[in-house]
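Hi everyone, thanks for coming. I'd like to walk you through a structure that may be new to you, one piece at a time.

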Number of protein chains: 4
Amino acid sequence: MEEPTDDKKQNRRLAILDAAADVFADRGYATATCDEIAKRAAVSKGTLYNYFRSKQDLFTQLFLSSVAEDEATIDGVIAQPGTAREKLEAVLGYWFEQFSRYDDLGRLVLEFWSTAAAEEEDGTFTQTLQDMYGRYRQRMTQIFKQGQSSGEFDLVYGPSMAASVVLALFDGIGLHSMMGLSVKMDAKTLATIKRGMLRALGVEPEPLAENTPTGGDTKDADA
Amino acid sequence: MEEPTDDKKQNRRLAILDAAADVFADRGYATATCDEIAKRAAVSKGTLYNYFRSKQDLFTQLFLSSVAEDEATIDGVIAQPGTAREKLEAVLGYWFEQFSRYDDLGRLVLEFWSTAAAEEEDGTFTQTLQDMYGRYRQRMTQIFKQGQSSGEFDLVYGPSMAASVVLALFDGIGLHSMMGLSVKMDAKTLATIKRGMLRALGVEPEPLAENTPTGGDTKDADA
Amino acid sequence: MEEPTDDKKQNRRLAILDAAADVFADRGYATATCDEIAKRAAVSKGTLYNYFRSKQDLFTQLFLSSVAEDEATIDGVIAQPGTAREKLEAVLGYWFEQFSRYDDLGRLVLEFWSTAAAEEEDGTFTQTLQDMYGRYRQRMTQIFKQGQSSGEFDLVYGPSMAASVVLALFDGIGLHSMMGLSVKMDAKTLATIKRGMLRALGVEPEPLAENTPTGGDTKDADA
Amino acid sequence: MEEPTDDKKQNRRLAILDAAADVFADRGYATATCDEIAKRAAVSKGTLYNYFRSKQDLFTQLFLSSVAEDEATIDGVIAQPGTAREKLEAVLGYWFEQFSRYDDLGRLVLEFWSTAAAEEEDGTFTQTLQDMYGRYRQRMTQIFKQGQSSGEFDLVYGPSMAASVVLALFDGIGLHSMMGLSVKMDAKTLATIKRGMLRALGVEPEPLAENTPTGGDTKDADA
DNA sequence: AATGAATGAGTTTTCATTCAT
DNA sequence: TATGAATGAAAACTCATTCAT
């Protein structure tokens with residue numbers, strides 16, 4: 001009968017990871033203190049070190065679990081049956097949905113990228129990100145290929161390049177959205193971008209809902 | 001005859017900024033030490049503080065001068081006369097050219113973004129970035145409008161939205177390129193992306209040079 | 001059973017305060033180093049900051065506890081029943097007794113005064129000192145009033161002014177004594193001053209002990 | 001013809017001493033910076049070191065010149081012919097007059113005392129102060145002796161002890177006055193104290209001016 | 001396992017003093 | 001002589017990590 005203990009251990013671990021996500025997002029890795037993480041997780045500082053070898057280890061575990069969680073979610077989204085266009089719309093929808101959470105997550109993601117960029121060639125972060133984006137690209141590529149085969153898409157690029165560009169665009173939009181730069185991620189703007197992307201992929205999107213007249217708004221939502 | 005002194009002072013200032021750029025790029029703001037910056041600038045630690053009020057000030061000055069430099073360059077690029085398409089190609093060319101320098105600059109830029117994200121609402125970094133991107137978007141918007149008037153472009157979005165999306169895409173590509181994620185910024189890939197963007201904007205790009213047969217490569221450069 | 005821990009904490013705190021008193025007295029606030037205080041308290045520098053927020057805080061706490069201790073003592077002295085003259089003699093006795101400790105304390109007290117003088121209008125130190133001296137004056141005033149009512153004293157000043165002057169005189173004597181200036185605080189001199197003060201207050205003091213012939217010594221102890 | 005140069009040198013020296021007096025009074029010795037002194041004296045930092053060997057030396061010179069100036073003034077006051085009482089009144093008048101300047105000077109004087117207290121046994125400051133107060137006491141003693149001989153004074157103490165006590169009282173009053181403790185140094189209070197001191201010395205002072213009725217006010221100016 | 005007090009290496013910053021011009 | 005940029009030693013303070021309880 002050691003499962004309760006194991007469960008408890010798991011819970012504690014997750015509580016600490018949650019707290020760490022908060023604090024790292026608020027303060028950034030370097031400025032975050034173990035004291036604060038412990039306090040927000042409602043454990044003692046010593047306990048932190050029973051679950052994680054070091055601050056760095058805690059950050060790495062958080063990164064890995066975030067990536068795993070993300071990937072599981074997106075896998076679920078893509079795995080659904082349907083036409084290429086339906087799949088693509090589902091992915092776009094999910095991704096854009098993320099942007100609304102980006103106010104919370106953005107800083108943390110930036111920290112992950114920053115850490116990756118600072119690593120020696122092919123460190124854990126870089127490698128993990130490359131692997132993850134590699135898989136993302138594969139999945140997107142498959143969608144694009146399916147769309148090409150079925151005649152749904154008339155791609156500007158080849159499927160793989162299209163996947164790369166779309167992924168880069170997603171991250172670019174997320175970045176700008178988070179910083180309040182050129183794109184404000186309200187629902188209408190997102191819908192506009194989505195429609196544009198679909199048309200750029202050679203797909204004529206369905207008309208927008210009644211409150212967004214096709215002509216003016218689609219042509220220039222922010223003119 | 002005080003120019004020699006002033007020049008010397010300017011040089012010292014620039015030498016310190018250069019060194020700081022290196023160290024901040026290598027280690028990130030929080031991990032970088034003033035000791036190391038001083039050492040790399042070949043001045044004493046005290047001298048650092050004769051030129052900059054604090055580590056934070058040094059970082060901010062570096063950010064501001066980077067932004068100013070960037071903006072001056074891009075102004076020059078856009079100011080050139082020509083068709084909308086020529087202007088757009090010039091901007092694309094310049095931007096993509098930056099990516100090759102991104103191995104050096106990328107981490108630093110990430111630090112800038114990170115700092116902005118960590119700021120209180122409307123801090124210096126955020127404000128400066130928003131201003132800068134605001135101006136970028138204006139310039140891009142003008143190009144798109146010119147292209148629309150002249151009938152060169154048949155835009156998917158309105159000019160302003162198009163500008164926003166293109167800017168976000170640029171940064172997304174830069175980010176992915178730097179991290180070695182989905183896009184490798186070699187000359188051929190860049191050319192491919194450029195052609196695709198132009199076509200997505202409704203412009204039929206000129207055929208590629210002889211070594212890049214239209215069919216296969218354009219369709220899928222990385223298949 | 002948390003008292004042992006609390007006691008230990010209290011002891012540590014007191015040990016640090018003691019060490020700080022030593023070092024501040026030796027070197028003055030500005031010249032004292034936290035390193036030395038830690039060393040003298042036989043704790044690490046970090047521990048200092050577990051108990052006190054800053055060097056300034058440590059100094060302030062030391063000041064406040066000194067004042068509190070002083071005041072508690074003098075309260076006890078004054079609270080005793082007796083004639084006004086007996087009370088006055090008790091206060092004088094206590095105060096003069098302090099002077100012998102002044103070799104140790106004097107510098108520290110000077111630091112307190114100095115800090116108060118350097119403060120913005122109505123800082124903590126100034127306010128605390130003003131409060132403390134306000135209470136001292138009240139107590140002394142009461143004694144003088146009692147003496148007047150009972151016919152013991154024939155005051156040169158009104159009771160409140162008398163209290164003020166006597167307090168100022170005490171501090172002046174303490175200051176001069178500490179610096180080895182005009183007054184050396186040996187027992188005989190103190191006795192002489194005490195007798196003089198009493199006479200100046202209109203009280204005819206009791207004759208001195210046999211080894212201090214009234215005539216010569218009272219008239220000029222240091223001629 | 002080097003006198004103009006010498007004069008200039010003297011002026012510079014005095015300008016620096018003046019500036020130093022200001023800054024030391026404002027900030028205290030340890031917190032004062034040579035930078036600020038130089039700026040306030042309108043000379044370069046290097047020039048400071050042409051006139052004074054070090055910050056410590058500057059402080060010491062300032063102390064010595066302050067003491068010399070003080071002493072010259074008081075010598076002049078005492079040297080005037082007259083009865084003992086007239087001389088005493090002149091000294092009291094001068095001293096109390098100082099108190100009104102104490103807002104400016106007080107902090108500086110405290111710094112001097114503090115430095116003296118921190119010195120090794122018989123350092124420059126201590127020695128100088130002891131010498132100065134020794135001479136003060138001598139002069140006061142002479143006045144008291146003259147007063148005794150002429151029958152003007154009926155001293156509580158012997159002349160030398162009286163001198164010591166009076167000097168200590170002066171400094172105590174100055175200290176308290178500066179800190180806004182028990183005594184506020186307005187003209188009326190000073191007059192009251194002066195009258196009281198004279199009576200304590202056995203001299204019946206002249207009646208106060210018409211606006212200060214003898215009875216109430218003399219008895220208790222602040223009741 | 002959990003705690004949290006203790007540690008001390010590491011960092012930013014200041015400022016008296018020097019010295020080339 | 002005057003200047004003020006350069007220096008670097010010194011000091012306050014932080015915080016990841018340890019370990020006795």
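Let's begin with one residue: C:Asp122 is partly exposed, its relative accessible area being 45%. In these terms, buried means under 20% relative accessible area, exposed means over 50%, and partly exposed lies in between, using a 1.4 Å probe and protein chains only. C:Asp122 sits in the loop between α5 (84–118) and α6 (124–149) of chain C. Its phi is positive, about 65°, although C:Asp122 is not a glycine. Most residues other than glycine have a negative phi.

Before I go on, some housekeeping: this is a predicted model, where local features need pLDDT of at least 70, side-chain atom pairs count only at pLDDT 80 or more, and totals for chains, interfaces and linings use all residues. Residues are numbered from 1 along each chain as its sequence is written, chains are lettered from A and ligands numbered from 1 in the order in which they are written, and side-chain values use heavy atoms, leaving out hydrogens and water.

B:Ala42 also has a positive phi, of about 60°, and is not a glycine. You'll find B:Ala42 in the loop between α2 (34–41) and α3 (45–51) of chain B. With 65% relative accessibility, B:Ala42 is exposed.

Now, how many helices and strands does chain A have? The count is nine helices and zero strands, where helices are DSSP runs of H or I with at least four residues, strands are runs of E with at least two, and numbering starts from the N terminus. Of the 223 residues in chain A, 50% are buried.

Next, how the copies relate. Chain D can be laid on chain C by a turn of 179° and a shift of 0.1 Å along the axis, with an RMSD of 0.3 Å. The two copies are therefore related as by a two-fold rotation axis. In chain D, the C-alpha nearest that axis belongs to D:Gly172, at 1.8 Å. The superposition is by least squares on the C-alpha atoms of residues with pLDDT of at least 70 in both copies. Chain A goes onto chain B with a rotation of 179°, a shift of 0.1 Å along the axis and an RMSD of 0.3 Å.

Last stop, chain D again. D:Arg13 is in helix α1 (residues 3–27) and is partly exposed, at 23% relative accessibility.
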